[in-house]
Amino acid sequence: MALLDRSAWYDLARTTEWTPTYITADELFPPEMSGGEGIPDEVWATYDEPYKVTYREYVDVQRQKDAGAYSVKAALERNDLYNKADAGWISILKEHYAAVALVEYGAALQESRFVRWSKAPGMRNMATFGMLDEMRHGQIQLFFPHEYINKDRQFDWSHQTMWTNNWVALGARHYFDDIMMTRDAVETSIYANFAFETGFTNLQFIGLSGDAANAGDFTFSKLIQSIQSDEARHAQLGTPLLQMLIENGQVAKAQNHIDVSFWRSYRLFTILSGIPMDYYVPLDVRESSFKEFMQEWIVTQFIKSIEDLGLKKPWYWDIFMRDLDEHHHGQHLGTYSWRPTLWWNPAAGVSPEERDWLEEKYPGWNDTFGKVWDVMIDNFATGRDEKTIPGTLPMVCNVSQLPIVGTPGRSLHDNTLVHEGRKYHFASEVDKWIFEQDPERYKHHKNLIDRFLGGDIQPANLEGTLEYMGLGTISEGGVDAHNYLWVDAYKKRLVPAS
Amino acid sequence: MALFPISSKFDGDFVLKLVPVDTENTIDEVAAAAAEHSVGIHVPDQPGKVIRARAQGSNQPFPRDMRLADTGLEPTDTVEFYFSEA
């Protein structure tokens with residue numbers, strides 16, 4: 001059967017629109033679900049997605065992508081990557097799958113809301129494919145780690161994490177609920193598709209892909225390349241909406257959406273990408289530092305895309321640039337120190353050679369974060385095990401839900417706010433500013449410390465907290481990825497010369 | 001007597017830590033409780049020195065024998081701890 005050329009029918013099919021007669025336009029597209037107040041009705045039909053695809057084309061390409069990823073997995077299963085790969089790399093897999101797989105199903109719901117509620121017919125059409133993309137991402141990122149569960153129960157977190165009260169899950173849920181699940185179609189697309197997907201998924205999915213190939217994990221490399229090829233398409237959903245806001249006198253609102261989402265995304269990715277890239281990826285296969293990846297993908301490319309639209313860098317740009325040298329180093333010290341609270345085994349990444357690399361990439365590291373590691377290493381090297389895990393909890397930010405960290409002696413600071421009689425703590429003045437943008441949105445949430453002090457966690461000690469987080473239930477918590485073998489180099493230095 | 005959580009910002013540490021103390025504790029006792037979670041864990045000891053405490057952002061340390069209840073601090077306020085000659 002002859003097929004019409006796509007260009008002959010696509011625009012007509014895409015712009016086929018509802019004409020409500022029994023209900024009002026607001027009942028068809030309720031403002032709280034659809035958003036876009038102040039955008040004239042005739043503007044929605046002008047939404048022009050930059051990436052056009054038909055269902056037939058989509059299915060054909062997606063089938064090829066799946067065939068490619070699954071066939072690489074099948075071919076390499078006998079390679080026994082789990083036992084051959086560096087333990088730091090295995091930890092990256094555990095952290096990635098658990099933090100990402102179920103969120104992909106959340107993203108499918110996000111896209112499905114666009115399919116129903118977006119007032120722009122072009123967006124509804126494109127989001128249908130985005131929804132199918134995210135279903136594929138959820139399925140494939142649950143299937144791939146499944147082969148490891150019989151070797152290591154920590155891989156079970158791939159499916160379990162988002163149902164637990166693990167502190168990393170609290171942070172991820174707070175973030176994704178904020179940007180992806182609880183806003184109208186216009187805001188969600190700017191927060192999630194434009195700021196998060198355009199900017200930050202590149203970091204994890206392209207940045208880590210090169211490291212994966214270098215580490216010999218071609219299965220993971222192929223998988224995340226396959227996923228990113230979808231992200232690159234549906235991430236573009238938000239750009240036409242930003243243009244609409246700007247062209248219809250809502251520049252300040254567009255800028256505010258970018259400023260909030262950019263910082264929230266950045267802080268979460270210090271855990272998801274920052275720590276693995278600078279500490280877990282084996283030194284001999286590391287492509288770039290987290291800061292270098294950030295400079296390439298975010299500082300250069302993403303900011304160009306913002307400025308091309310006529311928007312500005314976020315107001316906190318100087319703070320952000322300083323933070324690139326600091327925050328994820330503090331978060332690594334925190335996650336490693338409280339390693340029993342993790343579902344993966346963190347690599348310390350501070351052997352003498354690795355410290356040289358850190359000092360080269362982050363001048364001054366040895367005089368700041370390195371001094372804390374000196375104390376910890378001394379405890380490991382001299383067998384003071386009781387000193388290697390803190391006996392209390394860190395203070396946690398009421399926006400990012402991450403521990404409040406800083407550069408020792410320089411930038412550690414508690415930013416506080418009393419709102420309706422309750423005191424909130426923030427990890428930065430930007431987190432505090434985000435709270436102030438919409439206190440109604442954020443004020444009810446209780447972070448881990450609020451729950452601990454409020455009696456929600458019993459018994460109120462480290463053991464009770466671990467159980468609350470699912471450690472010891474789903475799997476055991478984290479231990480050093482390399483069984484402290486890296487400490488040997490420091491032990492030798494303690495042996496007096498004969 | 002009442003349990004009173006504070007946030008400890010110990011000089012040289014990288015993270016704020018939750019430290020449970022008591023309203024009847026003196027500042028020296030509060031400092032000792034904070035030190036238990038930082039000194040020798042993330043911060044090197046400085047034998048021979050004392051640990052002083054002040055409200056975050058303040059220049060003046062609290063008197064060492066002052067009761068926590070008399071400092072004006074609220075629960076979960078951040079207290080800065082630092083080694084001092086006296």
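A residue counts as buried if 20 or more other C-beta atoms lie within 10 Å of its own, and as exposed if 12 or fewer do. The exercises below apply this to a predicted model.

**Exercise 1. Decide for B:Thr76 and for A:Asp80: buried or exposed?**

Solution. 
- Start with B:Thr76. Locate it in the loop between β3 (50-55) and β4 (78-84) of chain B.
- Count its neighbours. B:Thr76 has 20 other C-beta atoms within 10 Å, so it is buried.
- Check the backbone. Phi of B:Thr76 is positive, about 70°, although the residue is not a glycine.
- Turn to A:Asp80. It sits in the loop between α4 (55-76) and α5 (81-84) of chain A.
- Count again. A:Asp80 has 10 other C-beta atoms within 10 Å and is therefore exposed.
- Its phi is also positive, near 60°, and it too is not a glycine.
- For context, most residues other than glycine have a negative phi.

**Exercise 2. Work out how the axes of α9(A) and α13(A) are oriented to each other.**

Solution. 
- Take the helices: α9 covers residues 167-181 and α13 residues 251-280 of chain A.
- Read off the geometry. The axes come within 11 Å and cross at roughly 155°.
- Apply the cut-off. Angles over 145 degrees count as roughly antiparallel, so α9(A) and α13(A) are roughly antiparallel to each other.
- List the contacts. On the α9(A) side are A:Val168, A:Gly171, A:Ala172, A:Tyr175, A:Asp178 and A:Ile179. They meet A:Ser261, A:Arg264, A:Leu268 and A:Ile271 of α13(A).
- Sort them by class: six nonpolar, two polar and two charged residues.

**Exercise 3. Describe the hairpin of β1(A) and β2(A).**

Solution. 
- Strand β1 spans residues 415-419 and strand β2 residues 422-426 of chain A.
- The two pair in the antiparallel sense over five bridges.
- Finish at the turn. Two residues lie between the strands, and A:Glu420 there has a positive phi of about 50°.

**Exercise 4. Find where the cis peptide bond at A:Pro459 lies.**

Solution. 
- The bond runs from A:Gln458 to A:Pro459, with omega near -10°.
- A:Pro459 is in the loop between α21 (448-453) and α22 (462-468) of chain A.

**Exercise 5. Characterise the side of chain B that touches chain A.**

Solution. 
- Count the residues: 22 of chain B are in contact with 26 of chain A.
- Name the elements of chain B that give two or more residues: β1 (3-10) and β2 (17-22).
- Sort this side by class: nine nonpolar, eight polar and five charged residues.

How values were computed:
Residues numbered from 1 in each chain as written. Chains lettered and ligands numbered in written order. Predicted model: local features only at pLDDT ≥ 70, side-chain atom pairs only at ≥ 80, totals over all residues. Contact = placed C-beta atoms within 7 Å. Helix = DSSP H or I, 4+ residues; strand = E, 2+ residues; numbered from the N terminus. Nonpolar A, V, L, I, M, F, W, Y, C, P; charged D, E, K, R; others polar. Pairing = 2+ DSSP bridges. Axes fitted to C-alpha atoms, helices over the stretch in contact; angles between N-to-C directions. Parallel < 35°, antiparallel > 145°, perpendicular 65-115°, else oblique.
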